[in-house]
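Could you walk me through the backbone of this model? I have it open in my viewer and would like to know what to select next.

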Amino acid sequence: PPASVAPPRRALARRRPAVVAFGGATLAVGAFLSTRSSTGRPRRRRAADHHHHHHSPTTPAMAAPRVIDAHLHVWSPAGKELAWPAPPGLQGEQAAPEVLTDLMTENGVDGAVIVQPINYEYDHSFVASVLESDRAKFRGVLLANPALKPKKLAEQVRALAAPESGVSPWTGVRLNPYLWPNCDEPTDDEWIADAAGKALFDVCADLALPIGVMAFEGFTEDLRDRLDRLVAHRPDAIVVLDHFGFPREDPSRPPSPELTFDDEAFARVVDFGRRHEYAHLKLSALFRASREAPPYDDLRPKVAELVDAYGTRRLLWGSDFPFVTLQDGGYKATRDAVAAWFAVEEEDSSGGEEDVLAAALRRDAARQPLGDDLAANVLGANAARLYRFDDYDEEEGASEAAAPVKDEEEEEASEKGV
């Protein structure tokens, strides 16, 4: 990120996952390095700080960078009734984990961050079973339930992400603003910045869990203002905007020049990254942001703005499987497009006008450590850091996912979900 918003640089003393007590829970923190504060309490390295570790130029060559899909979903109707029906075209086995892993293998993708789909609402058991099936390959983002009382909401997050024993594969939380009980009241002064939202930011900041924001109806001024309040409440919270911040009209439709790109909303997305040092953004679901078919060239200048605002260490690639499989080019097209965007080429010495994205990448490269691989950051390294792909140790064993926390208001509030 720009130097003006970069967190302090700290040395990384060890790479093997460390286990520390935090808030009564035992956590493997991996690259979040356990240290001690002046009060003697355990303190973990911030996820956003880890990227400032510098490798010596004499360090031996590493293996090929990992590619990690930072945003996708899985579900299977077989033997499990969905709380919400699967979308048209995805009502069979198209979203099954086996289909996903085949696509990952075909496209050289090493890991995936599975976001709890609305299909299962707050029942995390199916996704938990997938996470446990391959702890080296998968991490999960749980869905926060804002209908719970603030204390129970924090308990829901801790039960899944910080079990009493073992290391949880749940390493992120999704904030869906449209699940808030007051989401139908646009003039409500609090909305997501209510007691539940503050409790969510508190527990996520305490546990260094990235908070993914699903702004399906656009990054409106109302949503931006409420997020600003929550960040002011916990400036150390890691916020990740999904799918470019949903800047295009009707993101449920495939790309079309007839659809409007909201430049004002996108400007708010860019500004959010400039103002908040722990803000990240997923270059995911390209088909929901673009007005063109692959390779989504209309997004190149938009990505250049994001590179200048967030830097390549706060951008993450994601496919939005299985929805991407219904689009032209499928899974491969979105991975190839992002890889092509971040392939830094030699500077054009012909005197011609430089491509706006190439220029932004050159500026970003000058801000990063010597030899930093910008494409590797976006295609996998950032996701590996934020979602702790190095935390799990086979010797520690897998922890059992906790059942959803129940609340007497849950049934009524679920009717307002999307």
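**A backbone tour**

Start by selecting R388, which counts as buried at 6% relative accessibility. Keep in mind as you go that this is a predicted model. Now check its backbone: phi of R388 is near 55°, a positive value in a residue other than glycine.

Next, select F246. Its phi is also positive, near 55°, and again the residue is not glycine. To find your bearings, look for the loop that runs between β10 (239–241) and α6 (263–275), where F246 sits. Is F246 buried or exposed? With a relative accessible area of 4%, F246 is buried, because the cut-off for buried is under 20%.

From here, turn to the peptide bonds.

Select P294 and P295 together: a cis peptide bond joins them, and omega is about 15°. P295 belongs to the loop between α7 (286–289) and α8 (300–310).

For the last stop, move on to F321 and P322. What is the peptide bond from F321 to P322, cis or trans? The bond is cis, with omega near 0°.

Definitions and conventions: Residues numbered from 1 in each chain as written. Predicted model: local features only at pLDDT ≥ 70, side-chain atom pairs only at ≥ 80, totals over all residues. Heavy atoms only, no water. Helix = DSSP H or I, 4+ residues; strand = E, 2+ residues; numbered from the N terminus. Buried < 20%, exposed > 50% of the residue type's maximum accessible area, 1.4 Å probe, protein only.
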